[in-house]
Amino acid sequence: MKTKRRFKTFLYHFTVLLFGFFMLYPVLWMISSSVKPPAEIFQQAASLLPSAFHWDNYVEGWKGFGSVGFDQIFRNSLFVSSMNIIGALISSSFVAFGFARLKFPLKNVLFACLIGTLMLPMQITLIPQYILFNYFGWVNTFLPLIVPAFVGGTPFFIFLMIQFIRGIPRELDEAAVIDGCSTFGIFWRIIMPLCKPVLVTVTIFAFLWSWDDFFGGLIYLNDPSLYTVGLGLASFLDSTSASSWGPLLAMATLSLVPQFIVFLFFQKYLIQGIATTGIK
């Protein structure tokens, strides 16, 4: 019986490791190819071990293209991602608190509209948004990538926080009111400290989605000095001449480092925030 149980345990872990390897293989290939000589990247595509470590890919990639170095591109992405995090935390928490705790006219109708926007692909609102931002003169600036986060531009974050706040007992609000706490005081002193897991979850998602955003930058940014990481990586590709695959893979590897660090240090709060959302 014990031997059978051990065999099942071994088989389970072996299967998980095997599938895990296949899922991680593209990332491992990218990291390995980032230090391969250019001639080996596709000639020995299946191999994860380079014949020699070609660190020049990182040097050439960090130089960027033209007069724009990749250090500037990383700073652009870090700025846009940071502002998106701040905007998402401020707007989502205020709107979610209003829906979860306050009473106001047309609350149910507005909540239904909020849920409806979760089902709308961004391509549907892209043209009206572009016309609006172009009218404001915001095209070729960071504003179209930042401002929507400050006006509740991510319904998923709002819905996530609404469900979490609804799980907080209302007795805490009533006790705060008895002690003379205002509505904002309840929001700031009672609700927000208890929302730490979901706030960290929003922070992680806002960072990852903003850092990985290619489509938004492609639509609104024209000046190479304003490029974010997605556009910077795409600039290494040239359909009319040879593409710089080595520098591209090197910078793609570096672009994963901030995401890996964020997930590594905050995965506990990410899992806790998602797992406890909606639990009464």
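Predicted model: local features only at pLDDT ≥ 70, side-chain atom pairs only at ≥ 80, totals over all residues.

**Ring and charge**

I began with arginine 166, which lies over the face of phenylalanine 111, at 5.1 Å from the ring centre. The cut-offs I used for a charge over a ring: NZ of Lys or CZ of Arg within 6 Å of the ring centre and within 35 degrees of the ring normal.

**Ground rules**

Residues are numbered from 1 along each chain as its sequence is written, and side-chain values use heavy atoms, with hydrogens and water left out.

**Salt bridges**

How many salt bridges does a search of the whole structure find? I got two, taking a salt bridge as a side-chain nitrogen of Lys or Arg within 4 Å of a carboxyl oxygen of Asp or Glu.

One joins the side chains of arginine 75 and aspartate 71, at 3.5 Å from N to O. Both residues belong to helix α4, four residues apart, about one turn of the helix. Helices here are DSSP runs (H or I, at least four residues), as strands are (E, at least two), numbered from the N terminus. Aspartate 71 counts as partly exposed, at 30% relative accessibility. My scale for that is buried under 20% relative accessible area, exposed over 50%, and partly exposed in between (1.4 Å probe, protein chains only).

The side chains of arginine 101 and aspartate 173 also meet in a salt bridge, at 2.5 Å from N to O. This pair links distant parts of the chain: arginine 101 is in helix α4 and aspartate 173 in helix α9 (residues 171-178), 72 residues apart. Arginine 101 is buried with a relative accessible area of 9%, and aspartate 173 is buried with 10%.

**Aromatic pairs**

Next I went after the rings. A search of the whole structure gave me 28 aromatic pairs. The rule: rings of Phe, Tyr and Trp (its six-membered ring) pair if their centres lie within 6.5 Å, with planes under 30 degrees apart called stacked, over 60 edge-to-face and the rest tilted.

I looked at tryptophan 55 and tyrosine 58, a tilted pair at 6.0 Å centre to centre with 40° between the planes. Are the two partners buried or exposed? Tryptophan 55 is exposed, with a relative accessible area of 54%, whereas tyrosine 58 counts as buried at 19% relative accessibility.

Then I took phenylalanine 74 and tryptophan 211, also tilted, at 5.8 Å centre to centre and 45° between the planes. They link distant parts of the chain, with phenylalanine 74 in helix α4 and tryptophan 211 in helix α11 (residues 196-211), 137 residues apart. Phenylalanine 74 counts as buried at 13% relative accessibility, and tryptophan 211 counts as buried at 4%. I found both in one aromatic cluster formed by Trp62, Phe70, Phe74, Phe207, Trp211 and Phe236.

**Helix α3**

Which residues are buried in helix α3 (residues 56-63)? I noted Asn57, Tyr58 and Gly61. Seen down the axis of α3, the buried residues fall within an arc of 95°, so they line one face of the helix. That arc is the one of the directions from the helix axis to the C-beta atoms. After α3 comes glycine 64, with a positive phi near 75°.

**Along α4**

Leucine 78 sits in α4 (residues 70-101) and counts as partly exposed at 47% relative accessibility. Its C-alpha is separated by 8.6 Å from that of threonine 228, 150 residues apart along the chain.

The C-alpha atoms of alanine 96 and glycine 64 are separated by 41 Å, though they are 32 residues apart along the chain.

Phenylalanine 99 has its place in α4 and is buried at a relative accessible area of 10%. I get 9.3 Å between the C-alpha atoms of phenylalanine 99 and phenylalanine 159, 60 residues apart along the chain.
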